Amino acid sequence: MSVSDVTSVVTRPLGPFAAFDGREALLRRGEEALARRDYASAVHLLGLAGGHLAAPHDRTARLMNRAVRELVPRWHFSMLNDDARNTAYRRAIEAVVRPGDLVLDIGTGAGLLSLFAARAGARVVTCEVEPLVAAVAEQVVADNGLSDRISVVNARSTDLRVGVELPDRADVLVTEIFDCGLLGEHVLPVLAHARRELLRPDSRLVPGSARLWAQLVDSEQIWARNSVTEVAGFDLSAFAQLRSLEYFSTYVHQYEHTPLTDPFPVLDVDFSTRPGPAEVHLEVPVTAGGRAHAVVMWFELALSPGVTLCNDVAENPQSHWRQAVQTFDRPLECAAGGTVPLLAVHDGERVLVRPQQPAGGPATR
Ligand SMILES: C[S@@+](CC[C@H](N)C(=O)[O-])C[C@H]1O[C@@H](n2cnc3c(N)ncnc32)[C@H](O)[C@@H]1O
């Protein structure tokens with residue numbers, strides 16, 4: 001689909017901006033919207049200024065694309081080309097969905113999971129919070145001749161109503177709103193709402209459950225992704241105050257690293273029930289001595305019986321999710337044969353792993 005197709009979809013209806021008829025005025029107002037980071041208005045204004053009809057190198061088209069890029073993250077493309085992810089979801093949906101089911105797909109994206117469900121014989125309602133993405137997904141569904149089976153709703157799932165956008169409580173829920181560390185795209189509150197308001201009590205869920213795994217690693221290279229000390233004789237350590245306290249996404253295999261523990265589970269989630277405790281104390285055996293600079297985390301989704309999907313560096317190193325890496329403030333000294341006491345906490349959104357140690361004392365015992 002071309003830029004002009006996309007933007008002609010999103011500039012309909014014209015709404016309040018129809019009042020601006022001068023191209024220069026629209027262009028100027030579009031630039032102003034960009035400058036104040038109001039990207040949705042920028043897309044409208046620059047579309048009306050002709051950005052969607054212009055050649056890709058025209059200034060209006062480029063400005064408009066700048067707004068589109070802010071609204072639609074690039075990871076959509078690597079995600080859509082992640083074969084391991086797509087194949088696992090396809091197999092699970094084919095195993096779980098029965099002809100005639102009403103399927104709710106939360107988080108449409110390009111509509112791929114809805115297309116799988118419709119091909120398995122379901123009627124599908126899918127919701128997408130980002131208007132630009134929802135509009136293009138509708139086009140994808142039409143391009144594949146499935147508009148009579150898939151209804152794309154431009155809404156956050158928590159705004160859906162049974163009997164309005166969703167004809168009935170759904171028989172099956174499919175969703176892929178997972179970040180590299182599992183919870184970061186708000187899957188827990190979204191599914192709590194869906195169970196309460198949108199699903200039948202006996203609904204089948206894809207995925208049904210998930211586990212978050214972790215492993216301590218010795219890696220100065222990974223630690224250097226999120227900290228700084230001395231450079232060319234200058235002390236830059238004050239800048240490390242700006243480091244990320246939480247995990248970030250990175251390809252662990254690109255960095256020299258030594259695992260100091262076996263993988264250990266930090267969180268189990270059954271998506272059909274309320275989540276378990278938000279705080280877990282762990283005593284993790286050290287398998288190789290070293291300095292733990294970071295904890296690497298990845299998830300394992302149980303999509304359907306026998307179909308799992310994970311972003312583990314050992315099993316799926318090319319995963320578009322990469323791994324979730326959280327560096328420690330100071331490396332933890334780990335003695336082989338000892339254990340490391342850790343606390344894993346989550347606030348429903350992010351898991352944080354903290355060493356538990358007496359102030360100034362050794363991490364291992
Ligand atoms: C990771 S993408 C997955 C897209 C598609 N389901 C797939 O698997 O190819 C998630 C999409 O869901 C949307 N989204 C996330 N949470 C949502 C919610 N609660 N309601 C509606 N859309 C949501 C995001 O804007 C994003 O486009």
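Here's a quick briefing on this structure, from the overall layout down to a few single residues.

The model is a predicted one: local features need pLDDT of at least 70 and side-chain atom pairs count only at pLDDT 80 or more, while totals for chains, interfaces and linings use all residues. Residues are numbered from 1 along each chain as its sequence is written. The protein has ten helices and 17 strands; these are DSSP runs numbered from the N terminus, with helices being H or I of at least four residues and strands being E of at least two.

**Overall layout**
- You'll find domain 1 at 3–71, domain 2 at 76–206 and domain 3 at 209–355, with bounds that come from an automatic or database domain assignment.
- The centres of domain 1 and domain 2, taken over C-alpha atoms, sit 29 Å apart.
- Of the 365 residues, 41% count as buried; that takes 20 or more other C-beta atoms within 10 Å of a residue's own, with 12 or fewer making it exposed, anything in between partly exposed, and C-beta atoms placed from the backbone.

**Around the ligand**
- The ligand is surrounded by 20 residues, and the closest are Gly-107, Gly-109, Val-129, Ser-157 and Glu-176; to be near it, a residue needs its C-beta atom, placed from the backbone, within 6 Å.
- Helix 5 (75–80) and helix 7 (112–119) each bring at least two residues to this shell.

**Helix 7 and what follows**
- Seven of the eight residues in helix 7 are buried, so the helix is mostly covered.
- The buried ones are Leu-112, Leu-113, Ser-114, Leu-115, Phe-116, Ala-117 and Ala-118.
- Their cover includes helix 5, helix 6 (83–96), strand 1 (102–106), strand 2 (123–127), strand 3 (150–153) and strand 4 (170–175).
- Just past helix 7, Gly-121 has a positive phi of about 105 degrees.

**Strands 4 and 5**
- Strand 4 and strand 5 (residues 199–206) run parallel, joined by four bridges; two strands pair if DSSP finds at least two bridges between them.
- On the way from strand 4 to strand 5, the chain passes through helix 9 (residues 187–197) in a right-handed β-α-β crossover, meaning a clockwise path from the first strand over the helix to the second when the strands point away from the viewer.

**A look at Ala-135**
- Ala-135 belongs to helix 8 (residues 131–143).
- Ala-135 counts as buried because it has 20 C-beta neighbours inside 10 Å.

How values were computed: Contact = placed C-beta atoms within 7 Å.
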